[in-house]
Amino acid sequence: MENVMIMEHPLIKHKITLLRDKNTGTMEFRNLIEEITMLEAYEAFRNLPLKNVEVETPIEKCISPKIDGKKMVIIPILRAGMGMVNGVHAMVPAAKVGHIGLARNEVTHEPESYYCKLPSDISERLAIVLDPMLATGGSAVEAVNYIKEAGGSHIKFMCIIAAPEGLEKLAKAHPDIEIYVGNLDRGLNENAYICPGLGDAGDRIYGTLG
């Protein structure tokens, strides 16, 4: 899958191990999600175009590179994707934020939409889709479908943990997008949860377990 980039950085691997630990508390879990997202964003933005501009330093004028090209919109898949927003915003503070709400039907395991709000000029923006977990791939595929239907064409997807089943589904459904994965796990269990995974990311981010 040529459009898939699986992270190998030691810091990302280390922090994902801390995420997996069932004894990691809500605040630490939330902070780790943001830190891992920042590290992934660093890799995901490696190929952003640059242009030379003139700036005046306290010493003299000079020509220096600045990010060129499309504006950016961060699009978390609700609700767990919200935990990754600050990590990207720390790297690109001027980016707008859209939202896509997709809930998994616990019987069919298929995504059901309940909310979608995107910038009117999304066709002019680089869309960064965020979801900590890529399990069956259904929600990710649907989210990208919504963005494309709204006019978006330059799209990157970022997740922290992925199952092979979901990664393959997303990569095949949307071979034109770039997919960034913190770690590729073993697979899905009978309830379509990632194994070994890290549990329900939304519950752990917002402290709604039990």
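Student: What radius of gyration does the protein have, and what would a compact globule have?
Tutor: The protein has 18 Å, which agrees with the value near 17 Å that a compact globule of 210 residues would have; the radius is taken over C-alpha atoms, and the globule rule is 2.2 Å times the number of residues to the power 0.38. This is a predicted model, in which local features need pLDDT of at least 70 and side-chain atom pairs count only at pLDDT 80 or more, while totals for chains, interfaces and linings use all residues. Residues are numbered from 1 along each chain as its sequence is written, and side-chain values use heavy atoms, with hydrogens and water left out.

Student: OK, and how many helices and strands are there?
Tutor: There are six helices and 13 strands, where helices (H or I, at least four residues) and strands (E, at least two) are DSSP runs numbered from the N terminus.

Student: Which residues of α2 are buried?
Tutor: In α2, which covers residues 26-44, the buried ones include Phe29, Leu32, Ile33 and Ile36, buried meaning under 20% relative accessible area with a 1.4 Å probe, protein chains only.

Student: And what do those pack against?
Tutor: The buried residues of α2 pack against α1, α3, β10, β11 and α6, with contact meaning heavy atoms within 4.5 Å.

Student: Switching to β3: why does that strand lie largely in the open?
Tutor: Strand β3 has seven residues, 61-67, and the number buried is zero, so it lies largely in the open.

Student: How does β2 pair with it?
Tutor: Strands β2 and β3 pair in the antiparallel sense over seven bridges, where pairing needs at least two DSSP bridges, and a hairpin of four residues joins β2 to β3.

Notes. Buried means under 20% relative accessible area, exposed over 50%, partly exposed in between (1.4 Å probe, protein chains only). The expected span of a helix is 1.5 Å times one less than its number of residues.
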